[in-house]
Amino acid sequence: MAQFLQLTFSGIAIGCVYALVALGFVLIYKATETVNFAQGDLMMLGGFFAYTATTLIGLPYWVGIILALIAMALFGMLTERIVLRPVLGQAQFTVVMVTIGVGYVARGVVTMMPGWGTDTFKIVTPFAEQVVHIGGAALALDQLMIIVDTAVLCLILFLFFRYSRIGIAMQATSQNQLAAYYMGIPVRRINTLIWGLSAAVAAFAGILLAPITFVHANMGFIGLKAFPAAVVGGFGSIPGAIVGGLIIGLVESFAGFYLPEGFKDIAAYIVVLLVLMFKPSGLFGEKLRKKV
Amino acid sequence: MSFFKAENLSIQFGGVKAVTNVSFEVQQGEVFTIIGPNGAGKTTIFNLISLIYPPTSGRITFEGREITGMTPHRVANLGIARTFQNIELFEHASVLQNLLIGRHNHTATRLWQELLFMPSVRRAEIEHREAVEKVIDFLDLQHHRDSMVAGLPYGVRKVVELGRALCIGPKLLLLDEPSSGLNPEETDDMAFWIEDIKKDLGVTVLMVEHDMSLVSRVSDRVLALAQGEMLSIGTSREVQSDPKVIEAYLGKPE
(Lines give C-alpha, C1' and ligand atoms only; values in the text may rest on other atoms or scores of the structure.)
Protein backbone atom coordinates (compact mmCIF):
# COMPACT_ATOMS: atom_id res chain seq x y z
CA MET A 1 0.00 0.00 0.00
CA ALA A 2 2.75 2.42 0.96
CA GLN A 3 4.51 1.45 -2.25
CA PHE A 4 1.40 2.18 -4.28
CA LEU A 5 0.97 5.52 -2.57
CA GLN A 6 4.58 6.38 -3.22
CA LEU A 7 4.26 5.53 -6.92
CA THR A 8 1.01 7.45 -7.28
CA PHE A 9 2.57 10.42 -5.63
CA SER A 10 5.72 10.55 -7.72
CA GLY A 11 3.61 9.83 -10.82
CA ILE A 12 1.45 12.85 -10.12
CA ALA A 13 4.49 15.01 -9.43
CA ILE A 14 6.21 14.20 -12.72
CA GLY A 15 2.79 14.32 -14.41
CA CYS A 16 2.41 17.92 -13.26
CA VAL A 17 5.58 18.83 -15.13
CA TYR A 18 4.35 17.10 -18.29
CA ALA A 19 1.03 18.85 -17.81
CA LEU A 20 2.64 22.29 -17.65
CA VAL A 21 4.75 21.74 -20.75
CA ALA A 22 1.68 20.33 -22.54
CA LEU A 23 -0.27 23.38 -21.39
CA GLY A 24 2.32 25.57 -23.09
CA PHE A 25 1.87 23.63 -26.34
CA VAL A 26 -1.88 23.94 -26.14
CA LEU A 27 -1.89 27.68 -25.41
CA ILE A 28 0.17 28.45 -28.49
CA TYR A 29 -1.61 25.90 -30.64
CA LYS A 30 -5.07 27.18 -29.79
CA ALA A 31 -4.25 30.80 -30.38
CA THR A 32 -1.96 30.62 -33.39
CA GLU A 33 -2.45 27.09 -34.77
CA THR A 34 1.27 26.55 -34.51
CA VAL A 35 2.77 23.50 -32.85
CA ASN A 36 5.75 24.88 -30.97
CA PHE A 37 8.47 22.22 -31.00
CA ALA A 38 10.69 24.47 -28.90
CA GLN A 39 8.40 24.20 -25.88
CA GLY A 40 10.71 21.73 -24.10
CA ASP A 41 13.67 24.00 -24.75
CA LEU A 42 11.80 26.98 -23.34
CA MET A 43 11.41 24.87 -20.21
CA MET A 44 15.16 24.16 -20.22
CA LEU A 45 15.96 27.85 -20.59
CA GLY A 46 13.64 28.58 -17.69
CA GLY A 47 15.67 26.15 -15.60
CA PHE A 48 18.91 27.89 -16.55
CA PHE A 49 17.49 31.35 -15.87
CA ALA A 50 16.37 30.23 -12.41
CA TYR A 51 19.75 28.58 -11.79
CA THR A 52 21.48 31.82 -12.76
CA ALA A 53 19.27 33.97 -10.56
CA THR A 54 19.37 31.75 -7.47
CA THR A 55 22.76 30.04 -7.52
CA LEU A 56 25.06 32.19 -9.68
CA ILE A 57 23.73 35.58 -8.57
CA GLY A 58 22.64 34.30 -5.18
CA LEU A 59 19.15 35.79 -4.95
CA PRO A 60 16.63 34.22 -2.53
CA TYR A 61 14.77 31.26 -4.09
CA TRP A 62 11.36 32.89 -4.62
CA VAL A 63 12.80 36.18 -5.90
CA GLY A 64 15.00 34.26 -8.32
CA ILE A 65 12.08 32.23 -9.58
CA ILE A 66 9.89 35.24 -10.20
CA LEU A 67 12.69 37.03 -12.04
CA ALA A 68 13.31 33.92 -14.14
CA LEU A 69 9.62 33.72 -15.02
CA ILE A 70 9.51 37.37 -16.04
CA ALA A 71 12.69 36.98 -18.09
CA MET A 72 11.26 33.93 -19.85
CA ALA A 73 7.96 35.68 -20.56
CA LEU A 74 9.96 38.45 -22.25
CA PHE A 75 12.04 35.86 -24.09
CA GLY A 76 8.86 34.18 -25.34
CA MET A 77 7.40 37.47 -26.53
CA LEU A 78 10.64 38.40 -28.29
CA THR A 79 10.76 35.01 -30.00
CA GLU A 80 7.26 35.52 -31.34
CA ARG A 81 7.95 39.08 -32.43
CA ILE A 82 11.34 38.50 -34.06
CA VAL A 83 11.30 34.91 -35.28
CA LEU A 84 7.69 33.88 -35.77
CA ARG A 85 5.88 36.96 -36.92
CA PRO A 86 7.85 37.21 -40.18
CA VAL A 87 6.70 33.69 -41.15
CA LEU A 88 3.09 34.36 -40.12
CA GLY A 89 0.76 33.20 -42.83
CA GLN A 90 3.36 30.92 -44.42
CA ALA A 91 2.74 27.19 -44.77
CA GLN A 92 2.34 25.25 -41.54
CA PHE A 93 5.52 23.33 -42.38
CA THR A 94 7.60 26.53 -42.47
CA VAL A 95 6.37 27.64 -39.08
CA VAL A 96 7.03 24.24 -37.52
CA MET A 97 10.57 24.16 -38.93
CA VAL A 98 11.18 27.60 -37.44
CA THR A 99 10.16 26.40 -33.98
CA ILE A 100 12.39 23.35 -34.29
CA GLY A 101 15.19 25.73 -35.25
CA VAL A 102 14.53 27.89 -32.20
CA GLY A 103 14.86 24.78 -30.03
CA TYR A 104 18.21 23.78 -31.55
CA VAL A 105 19.58 27.28 -31.27
CA ALA A 106 18.51 27.49 -27.63
CA ARG A 107 20.29 24.21 -26.84
CA GLY A 108 23.39 25.29 -28.72
CA VAL A 109 23.59 28.71 -27.12
CA VAL A 110 23.19 27.25 -23.63
CA THR A 111 26.21 24.97 -24.08
CA MET A 112 28.28 27.94 -25.27
CA MET A 113 27.39 30.31 -22.44
CA PRO A 114 30.04 30.86 -19.79
CA GLY A 115 28.73 29.52 -16.49
CA TRP A 116 26.16 27.25 -18.19
CA GLY A 117 27.79 24.81 -20.63
CA THR A 118 27.12 21.11 -20.89
CA ASP A 119 27.26 20.31 -17.18
CA THR A 120 24.41 19.41 -14.90
CA PHE A 121 23.40 21.98 -12.33
CA LYS A 122 21.42 21.93 -9.17
CA ILE A 123 18.96 24.50 -7.93
CA VAL A 124 18.75 24.36 -4.16
CA THR A 125 15.18 24.83 -3.01
CA PRO A 126 14.13 25.75 0.53
CA PHE A 127 12.53 22.28 0.74
CA ALA A 128 15.50 20.19 -0.33
CA GLU A 129 15.88 16.81 1.37
CA GLN A 130 12.86 17.25 3.61
CA VAL A 131 10.44 14.38 3.77
CA VAL A 132 6.78 14.18 4.72
CA HIS A 133 5.24 10.90 5.90
CA ILE A 134 1.72 10.19 4.72
CA GLY A 135 0.15 6.76 5.28
CA GLY A 136 3.47 4.98 5.55
CA ALA A 137 4.87 6.52 2.38
CA ALA A 138 7.80 8.89 2.54
CA LEU A 139 7.22 11.82 0.25
CA ALA A 140 9.91 14.28 -0.71
CA LEU A 141 8.83 17.83 0.00
CA ASP A 142 10.28 18.87 -3.34
CA GLN A 143 7.78 16.60 -5.09
CA LEU A 144 4.91 17.75 -2.93
CA MET A 145 5.76 21.34 -3.85
CA ILE A 146 5.55 20.48 -7.55
CA ILE A 147 1.97 19.37 -7.04
CA VAL A 148 1.01 22.34 -4.87
CA ASP A 149 2.65 24.88 -7.19
CA THR A 150 1.01 23.35 -10.25
CA ALA A 151 -2.39 23.44 -8.60
CA VAL A 152 -1.92 27.10 -7.66
CA LEU A 153 -0.78 28.00 -11.18
CA CYS A 154 -3.77 26.20 -12.70
CA LEU A 155 -6.12 28.10 -10.42
CA ILE A 156 -4.54 31.42 -11.39
CA LEU A 157 -4.73 30.53 -15.09
CA PHE A 158 -8.34 29.49 -14.70
CA LEU A 159 -9.25 32.82 -13.10
CA PHE A 160 -7.21 34.65 -15.72
CA PHE A 161 -9.00 33.05 -18.66
CA ARG A 162 -12.42 33.14 -17.06
CA TYR A 163 -12.53 36.64 -15.64
CA SER A 164 -9.84 38.90 -17.03
CA ARG A 165 -10.38 41.06 -20.07
CA ILE A 166 -7.12 40.01 -21.62
CA GLY A 167 -7.72 36.32 -20.88
CA ILE A 168 -11.10 36.50 -22.58
CA ALA A 169 -9.54 38.35 -25.51
CA MET A 170 -7.05 35.46 -25.77
CA GLN A 171 -9.90 32.96 -25.90
CA ALA A 172 -11.71 35.01 -28.51
CA THR A 173 -8.55 35.23 -30.62
CA SER A 174 -8.11 31.48 -30.43
CA GLN A 175 -11.64 30.90 -31.70
CA ASN A 176 -11.84 33.41 -34.54
CA GLN A 177 -9.07 35.87 -35.32
CA LEU A 178 -11.01 37.84 -37.92
CA ALA A 179 -13.98 38.38 -35.62
CA ALA A 180 -11.64 39.24 -32.75
CA TYR A 181 -10.09 42.03 -34.84
CA TYR A 182 -13.46 43.65 -35.39
CA MET A 183 -14.30 43.46 -31.71
CA GLY A 184 -11.34 45.78 -31.21
CA ILE A 185 -8.94 43.09 -29.98
CA PRO A 186 -5.34 43.71 -31.06
CA VAL A 187 -4.83 40.15 -32.31
CA ARG A 188 -1.11 40.40 -33.02
CA ARG A 189 -0.33 41.81 -29.61
CA ILE A 190 -2.45 39.06 -28.07
CA ASN A 191 -0.43 36.43 -29.95
CA THR A 192 2.78 37.94 -28.61
CA LEU A 193 1.38 37.86 -25.08
CA ILE A 194 0.34 34.22 -25.51
CA TRP A 195 3.91 33.31 -26.43
CA GLY A 196 5.06 35.14 -23.32
CA LEU A 197 2.54 33.32 -21.14
CA SER A 198 3.38 29.98 -22.70
CA ALA A 199 7.13 30.50 -22.22
CA ALA A 200 6.59 31.48 -18.59
CA VAL A 201 4.48 28.36 -17.96
CA ALA A 202 7.18 26.22 -19.57
CA ALA A 203 9.83 27.94 -17.45
CA PHE A 204 7.77 27.24 -14.35
CA ALA A 205 7.74 23.56 -15.31
CA GLY A 206 11.52 23.64 -15.71
CA ILE A 207 11.97 25.26 -12.31
CA LEU A 208 9.71 22.68 -10.66
CA LEU A 209 11.53 19.83 -12.37
CA ALA A 210 14.99 21.13 -11.53
CA PRO A 211 15.24 19.63 -8.02
CA ILE A 212 14.45 16.16 -9.43
CA THR A 213 16.34 15.89 -12.71
CA PHE A 214 18.67 18.88 -12.32
CA VAL A 215 19.22 21.52 -14.96
CA HIS A 216 21.08 20.58 -18.14
CA ALA A 217 21.06 21.52 -21.80
CA ASN A 218 19.08 18.45 -22.86
CA MET A 219 16.37 18.58 -20.23
CA GLY A 220 14.08 19.93 -22.94
CA PHE A 221 13.67 16.44 -24.34
CA ILE A 222 11.07 15.92 -21.69
CA GLY A 223 8.95 17.86 -24.15
CA LEU A 224 8.70 14.59 -26.04
CA LYS A 225 6.68 13.25 -23.11
CA ALA A 226 4.54 16.36 -22.99
CA PHE A 227 3.42 15.75 -26.57
CA PRO A 228 1.65 12.51 -25.67
CA ALA A 229 0.12 14.36 -22.71
CA ALA A 230 -1.32 17.03 -25.00
CA VAL A 231 -2.55 14.45 -27.51
CA VAL A 232 -4.19 12.27 -24.83
CA GLY A 233 -6.03 15.30 -23.48
CA GLY A 234 -7.10 16.35 -26.96
CA PHE A 235 -4.69 18.83 -28.54
CA GLY A 236 -6.34 22.17 -28.04
CA SER A 237 -7.94 21.63 -24.65
CA ILE A 238 -6.41 23.28 -21.58
CA PRO A 239 -8.02 20.97 -18.98
CA GLY A 240 -7.13 18.12 -21.35
CA ALA A 241 -3.45 19.04 -21.20
CA ILE A 242 -3.48 18.90 -17.40
CA VAL A 243 -5.35 15.59 -17.19
CA GLY A 244 -3.27 14.16 -20.04
CA GLY A 245 -0.07 15.13 -18.24
CA LEU A 246 -1.21 13.47 -15.02
CA ILE A 247 -2.24 10.30 -16.86
CA ILE A 248 1.11 10.03 -18.63
CA GLY A 249 2.96 10.69 -15.36
CA LEU A 250 1.01 8.03 -13.47
CA VAL A 251 1.23 5.43 -16.22
CA GLU A 252 4.97 5.97 -16.44
CA SER A 253 5.41 5.71 -12.72
CA PHE A 254 3.46 2.44 -12.43
CA ALA A 255 4.95 0.95 -15.60
CA GLY A 256 8.42 1.62 -14.21
CA PHE A 257 7.70 -0.44 -11.12
CA TYR A 258 5.23 -3.16 -12.07
CA LEU A 259 6.25 -3.90 -15.65
CA PRO A 260 9.54 -5.28 -17.00
CA GLU A 261 12.35 -2.89 -17.63
CA GLY A 262 12.01 -0.73 -20.74
CA PHE A 263 8.27 -0.27 -20.46
CA LYS A 264 8.68 2.95 -18.52
CA ASP A 265 9.95 4.81 -21.56
CA ILE A 266 7.39 3.54 -24.02
CA ALA A 267 4.36 3.47 -21.71
CA ALA A 268 3.42 7.04 -22.61
CA TYR A 269 3.33 6.23 -26.30
CA ILE A 270 1.29 3.07 -25.78
CA VAL A 271 -1.29 5.20 -23.99
CA VAL A 272 -1.31 7.64 -26.89
CA LEU A 273 -1.85 4.85 -29.40
CA LEU A 274 -4.73 3.45 -27.36
CA VAL A 275 -6.37 6.84 -26.95
CA LEU A 276 -6.01 7.64 -30.64
CA MET A 277 -7.51 4.25 -31.53
CA PHE A 278 -10.57 4.55 -29.32
CA LYS A 279 -11.06 8.29 -28.98
CA PRO A 280 -9.22 9.99 -31.85
CA SER A 281 -10.01 13.54 -30.75
CA GLY A 282 -8.52 12.90 -27.29
CA LEU A 283 -10.27 12.85 -23.94
CA PHE A 284 -11.33 16.49 -23.97
CA GLY A 285 -10.99 17.20 -27.67
CA GLU A 286 -13.53 19.30 -29.47
CA LYS A 287 -15.40 17.24 -31.95
CA LEU A 288 -15.19 19.25 -35.11
CA ARG A 289 -17.12 18.17 -38.11
CA LYS A 290 -16.64 20.15 -41.23
CA LYS A 291 -19.89 21.77 -42.20
CA VAL A 292 -20.53 21.67 -45.91
CA MET B 1 -16.90 67.78 -42.13
CA SER B 2 -18.51 64.71 -43.59
CA PHE B 3 -19.28 61.69 -41.46
CA PHE B 4 -17.73 59.02 -43.63
CA LYS B 5 -15.94 59.68 -46.88
CA ALA B 6 -14.16 57.51 -49.44
CA GLU B 7 -12.03 59.41 -51.94
CA ASN B 8 -10.76 57.92 -55.19
CA LEU B 9 -10.42 54.41 -53.79
CA SER B 10 -8.61 52.00 -56.06
CA ILE B 11 -7.14 48.59 -55.54
CA GLN B 12 -5.28 46.31 -57.88
CA PHE B 13 -4.51 42.64 -57.34
CA GLY B 14 -1.57 42.03 -59.66
CA GLY B 15 -2.85 43.25 -63.01
CA VAL B 16 -6.51 43.03 -62.07
CA LYS B 17 -8.15 46.34 -61.27
CA ALA B 18 -10.81 45.26 -58.81
CA VAL B 19 -11.90 48.76 -57.83
CA THR B 20 -11.14 51.96 -59.72
CA ASN B 21 -11.59 55.52 -58.46
CA VAL B 22 -14.62 55.06 -56.27
CA SER B 23 -15.64 58.09 -54.22
CA PHE B 24 -18.68 58.58 -52.05
CA GLU B 25 -19.84 60.18 -48.83
CA VAL B 26 -22.14 58.77 -46.20
CA GLN B 27 -24.20 61.25 -44.16
CA GLN B 28 -24.73 60.68 -40.48
CA GLY B 29 -28.02 58.86 -39.81
CA GLU B 30 -28.64 57.44 -43.27
CA VAL B 31 -28.66 53.95 -44.72
CA PHE B 32 -26.27 53.87 -47.65
CA THR B 33 -26.19 50.79 -49.84
CA ILE B 34 -23.71 49.60 -52.42
CA ILE B 35 -25.20 47.39 -55.12
CA GLY B 36 -23.91 45.82 -58.29
CA PRO B 37 -23.97 42.60 -60.30
CA ASN B 38 -21.75 39.68 -59.29
CA GLY B 39 -18.08 40.52 -59.55
CA ALA B 40 -18.73 44.26 -59.50
CA GLY B 41 -16.33 44.72 -56.59
CA LYS B 42 -18.89 45.13 -53.81
CA THR B 43 -17.13 42.92 -51.31
CA THR B 44 -13.73 44.30 -52.30
CA ILE B 45 -14.97 47.82 -51.58
CA PHE B 46 -16.32 46.55 -48.31
CA ASN B 47 -13.01 45.03 -47.35
CA LEU B 48 -11.27 48.29 -48.25
CA ILE B 49 -13.65 50.25 -46.06
CA SER B 50 -13.20 47.87 -43.14
CA LEU B 51 -9.44 47.99 -43.69
CA ILE B 52 -8.80 44.30 -44.41
CA TYR B 53 -6.93 45.40 -47.54
CA PRO B 54 -4.97 48.61 -47.84
CA PRO B 55 -6.10 50.49 -50.98
CA THR B 56 -3.58 50.91 -53.83
CA SER B 57 -4.57 54.57 -53.83
CA GLY B 58 -7.18 56.84 -52.32
CA ARG B 59 -8.15 57.57 -48.75
CA ILE B 60 -10.93 56.97 -46.29
CA THR B 61 -11.93 59.40 -43.56
CA PHE B 62 -14.29 58.87 -40.65
CA GLU B 63 -15.48 61.91 -38.67
CA GLY B 64 -12.77 63.96 -40.33
CA ARG B 65 -9.98 61.59 -39.33
CA GLU B 66 -8.10 59.58 -41.91
CA ILE B 67 -8.40 55.86 -41.20
CA THR B 68 -6.65 54.40 -44.25
CA GLY B 69 -3.80 52.17 -43.09
CA MET B 70 -5.15 51.65 -39.58
CA THR B 71 -5.29 48.12 -38.20
CA PRO B 72 -8.80 46.64 -38.04
CA HIS B 73 -8.93 46.60 -34.24
CA ARG B 74 -8.35 50.38 -34.07
CA VAL B 75 -11.35 50.89 -36.32
CA ALA B 76 -13.56 49.10 -33.82
CA ASN B 77 -12.27 51.47 -31.15
CA LEU B 78 -13.36 54.44 -33.28
CA GLY B 79 -16.93 53.14 -33.34
CA ILE B 80 -17.14 51.23 -36.61
CA ALA B 81 -18.61 47.72 -36.37
CA ARG B 82 -19.04 45.18 -39.13
CA THR B 83 -20.69 41.88 -39.96
CA PHE B 84 -19.51 39.32 -42.48
CA GLN B 85 -21.22 37.77 -45.46
CA ASN B 86 -20.36 34.28 -44.25
CA ILE B 87 -20.73 34.93 -40.50
CA GLU B 88 -17.67 35.06 -38.27
CA LEU B 89 -18.78 34.18 -34.77
CA PHE B 90 -17.03 32.58 -31.82
CA GLU B 91 -18.42 29.11 -32.47
CA HIS B 92 -17.60 27.43 -29.18
CA ALA B 93 -19.17 30.09 -27.02
CA SER B 94 -22.74 30.92 -26.09
CA VAL B 95 -24.75 33.71 -27.70
CA LEU B 96 -24.42 35.72 -24.51
CA GLN B 97 -20.63 35.33 -24.49
CA ASN B 98 -20.45 36.39 -28.12
CA LEU B 99 -22.42 39.51 -27.40
CA LEU B 100 -20.36 40.30 -24.29
CA ILE B 101 -17.17 40.22 -26.35
CA GLY B 102 -18.69 43.13 -28.24
CA ARG B 103 -18.22 45.10 -25.02
CA HIS B 104 -14.45 44.52 -25.07
CA ASN B 105 -13.71 48.12 -25.99
CA HIS B 106 -15.80 49.46 -23.18
CA THR B 107 -13.90 47.54 -20.53
CA ALA B 108 -11.43 49.66 -18.64
CA THR B 109 -10.78 47.57 -15.53
CA ARG B 110 -7.28 46.40 -14.66
CA LEU B 111 -6.02 42.84 -14.57
CA TRP B 112 -5.45 42.72 -10.81
CA GLN B 113 -8.89 44.19 -10.17
CA GLU B 114 -10.41 41.53 -12.38
CA LEU B 115 -8.57 38.66 -10.74
CA LEU B 116 -9.63 39.86 -7.29
CA PHE B 117 -13.14 40.59 -8.57
CA MET B 118 -13.19 44.08 -7.06
CA PRO B 119 -16.50 45.99 -6.66
CA SER B 120 -15.61 48.24 -9.61
CA VAL B 121 -15.32 45.14 -11.80
CA ARG B 122 -18.66 43.87 -10.59
CA ARG B 123 -20.32 47.22 -11.36
CA ALA B 124 -18.81 47.31 -14.84
CA GLU B 125 -19.90 43.72 -15.41
CA ILE B 126 -23.50 44.57 -14.54
CA GLU B 127 -23.41 47.57 -16.88
CA HIS B 128 -22.15 45.42 -19.75
CA ARG B 129 -24.78 42.83 -19.08
CA GLU B 130 -27.49 45.49 -19.18
CA ALA B 131 -26.22 46.84 -22.49
CA VAL B 132 -26.19 43.31 -23.90
CA GLU B 133 -29.69 42.57 -22.60
CA LYS B 134 -30.98 45.65 -24.43
CA VAL B 135 -29.60 44.27 -27.67
CA ILE B 136 -31.08 40.85 -26.90
CA ASP B 137 -34.51 42.43 -26.43
CA PHE B 138 -34.08 44.56 -29.52
CA LEU B 139 -33.34 41.56 -31.73
CA ASP B 140 -35.61 39.04 -29.96
CA LEU B 141 -32.77 36.73 -29.04
CA GLN B 142 -34.10 35.83 -25.57
CA HIS B 143 -34.61 32.16 -26.42
CA HIS B 144 -31.09 31.72 -27.65
CA ARG B 145 -29.27 33.58 -24.87
CA ASP B 146 -27.47 30.52 -23.51
CA SER B 147 -27.29 28.40 -26.67
CA MET B 148 -23.93 27.49 -28.15
CA VAL B 149 -23.45 29.29 -31.45
CA ALA B 150 -22.21 26.16 -33.21
CA GLY B 151 -25.65 24.55 -32.82
CA LEU B 152 -27.79 27.44 -34.06
CA PRO B 153 -29.50 27.63 -37.46
CA TYR B 154 -27.99 29.97 -40.04
CA GLY B 155 -30.69 32.61 -39.80
CA VAL B 156 -30.24 32.98 -36.04
CA ARG B 157 -26.46 33.14 -36.33
CA LYS B 158 -26.85 36.00 -38.75
CA VAL B 159 -28.91 37.88 -36.17
CA VAL B 160 -26.42 37.04 -33.40
CA GLU B 161 -23.66 38.54 -35.52
CA LEU B 162 -25.72 41.68 -36.05
CA GLY B 163 -26.31 41.80 -32.29
CA ARG B 164 -22.63 41.45 -31.51
CA ALA B 165 -21.86 44.36 -33.83
CA LEU B 166 -24.49 46.45 -32.03
CA CYS B 167 -22.97 45.61 -28.63
CA ILE B 168 -19.86 47.51 -29.70
CA GLY B 169 -22.08 50.58 -29.56
CA PRO B 170 -21.09 51.68 -33.05
CA LYS B 171 -21.60 55.02 -34.74
CA LEU B 172 -21.27 53.37 -38.13
CA LEU B 173 -22.42 49.84 -38.86
CA LEU B 174 -21.04 48.02 -41.90
CA LEU B 175 -23.24 45.16 -43.08
CA ASP B 176 -21.88 42.73 -45.66
CA GLU B 177 -24.86 41.20 -47.48
CA PRO B 178 -27.18 41.09 -44.46
CA SER B 179 -29.80 39.04 -46.33
CA SER B 180 -27.52 36.41 -47.89
CA GLY B 181 -28.62 32.92 -46.88
CA LEU B 182 -31.86 34.11 -45.29
CA ASN B 183 -35.35 33.00 -46.30
CA PRO B 184 -37.92 35.67 -47.33
CA GLU B 185 -39.39 35.84 -43.83
CA GLU B 186 -36.00 36.30 -42.21
CA THR B 187 -35.08 38.89 -44.83
CA ASP B 188 -38.22 40.76 -43.88
CA ASP B 189 -37.15 40.76 -40.21
CA MET B 190 -33.72 41.96 -41.24
CA ALA B 191 -35.30 44.91 -43.09
CA PHE B 192 -37.26 45.85 -39.97
CA TRP B 193 -34.16 45.72 -37.84
CA ILE B 194 -32.11 47.83 -40.21
CA GLU B 195 -34.89 50.44 -40.17
CA ASP B 196 -35.00 50.33 -36.36
CA ILE B 197 -31.22 50.51 -36.08
CA LYS B 198 -31.37 53.72 -38.07
CA LYS B 199 -34.44 55.24 -36.40
CA ASP B 200 -34.29 54.02 -32.80
CA LEU B 201 -30.57 53.60 -32.25
CA GLY B 202 -29.50 56.41 -34.56
CA VAL B 203 -26.73 54.30 -36.05
CA THR B 204 -25.57 55.06 -39.57
CA VAL B 205 -25.59 51.98 -41.80
CA LEU B 206 -23.36 51.33 -44.78
CA MET B 207 -24.15 48.04 -46.46
CA VAL B 208 -23.52 45.87 -49.46
CA GLU B 209 -26.60 44.01 -50.62
CA HIS B 210 -28.01 42.28 -53.67
CA ASP B 211 -31.64 41.72 -52.65
CA MET B 212 -33.26 44.68 -54.44
CA SER B 213 -36.51 44.58 -52.45
CA LEU B 214 -34.54 44.96 -49.22
CA VAL B 215 -32.38 47.64 -50.80
CA SER B 216 -35.27 49.79 -51.98
CA ARG B 217 -37.09 49.37 -48.68
CA VAL B 218 -34.36 50.51 -46.31
CA SER B 219 -31.84 52.56 -48.26
CA ASP B 220 -31.75 56.34 -48.26
CA ARG B 221 -29.13 56.39 -50.97
CA VAL B 222 -27.68 53.77 -53.26
CA LEU B 223 -24.40 53.48 -55.12
CA ALA B 224 -24.30 51.13 -58.10
CA LEU B 225 -21.01 49.58 -59.18
CA ALA B 226 -20.03 47.55 -62.20
CA GLN B 227 -16.59 46.14 -62.89
CA GLY B 228 -15.12 48.09 -60.03
CA GLU B 229 -16.32 51.46 -61.30
CA MET B 230 -19.07 53.80 -60.16
CA LEU B 231 -22.12 53.71 -62.37
CA SER B 232 -24.71 55.73 -60.56
CA ILE B 233 -25.47 57.26 -57.19
CA GLY B 234 -28.75 58.57 -55.81
CA THR B 235 -31.99 57.37 -54.26
CA SER B 236 -32.92 53.77 -54.76
CA ARG B 237 -35.50 54.65 -57.43
CA GLU B 238 -33.14 56.94 -59.34
CA VAL B 239 -30.42 54.33 -59.44
CA GLN B 240 -32.72 51.49 -60.43
CA SER B 241 -34.13 53.46 -63.35
CA ASP B 242 -30.71 54.65 -64.54
CA PRO B 243 -30.18 53.15 -68.03
CA LYS B 244 -26.51 52.47 -67.24
CA VAL B 245 -27.48 50.36 -64.23
CA ILE B 246 -30.12 48.45 -66.17
CA GLU B 247 -27.56 47.78 -68.85
CA ALA B 248 -25.02 46.48 -66.32
CA TYR B 249 -27.54 44.06 -64.84
CA LEU B 250 -29.45 42.98 -67.94
CA GLY B 251 -27.12 43.75 -70.83
CA LYS B 252 -27.57 46.12 -73.80
CA PRO B 253 -30.93 46.10 -75.57
CA GLU B 254 -30.47 44.55 -79.00
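The model is predicted: local features require pLDDT of at least 70 and side-chain atom pairs pLDDT 80 or more, whereas totals for chains, interfaces and linings use all residues. Residues are numbered from 1 along each chain as its sequence is written, chains are lettered from A in the order in which they are written, and side-chain values use heavy atoms, without hydrogens and water.

The nonpolar patch includes M1(A), F4(A), F257(A), L259(A) and F263(A), and its members together have about 1300 Å² of accessible area (Shrake-Rupley method, 1.4 Å probe, only the protein chains shown counting as cover for residues). Patches comprise residues with over 30% relative accessible area and no salt bridge, with nonpolar side chains (Val, Leu, Ile, Met, Phe, Trp, Tyr) joined within 5 Å and like charges within 9 Å; a salt bridge places a side-chain nitrogen of Lys or Arg within 4 Å of a carboxyl oxygen of Asp or Glu. Both α10 (238–258) and α11 (263–278) of chain A supply at least two residues each. Y258(A), a patch member, lies in helix α10 and is partly exposed, at 49% relative accessible area.

Chain A contains 11 helices and 2 strands (DSSP runs of H or I, at least four residues, and of E, at least two). Of its 292 residues, 52% are buried (under 20% relative accessible area; exposed is over 50%, partly exposed in between).

In chain B, D137(B), D140(B), E185(B) and D189(B) form a negatively charged surface patch. D140(B) occupies the loop between α5 (119–138) and α6 (154–167) and is exposed, at 52%.

Conventions
Lys, Arg positive; Asp, Glu negative; His and termini not counted. Charge placed at Lys NZ, Arg CZ, Asp CG, Glu CD. Buried < 20%, exposed > 50% of the residue type's maximum accessible area, 1.4 Å probe, protein only.
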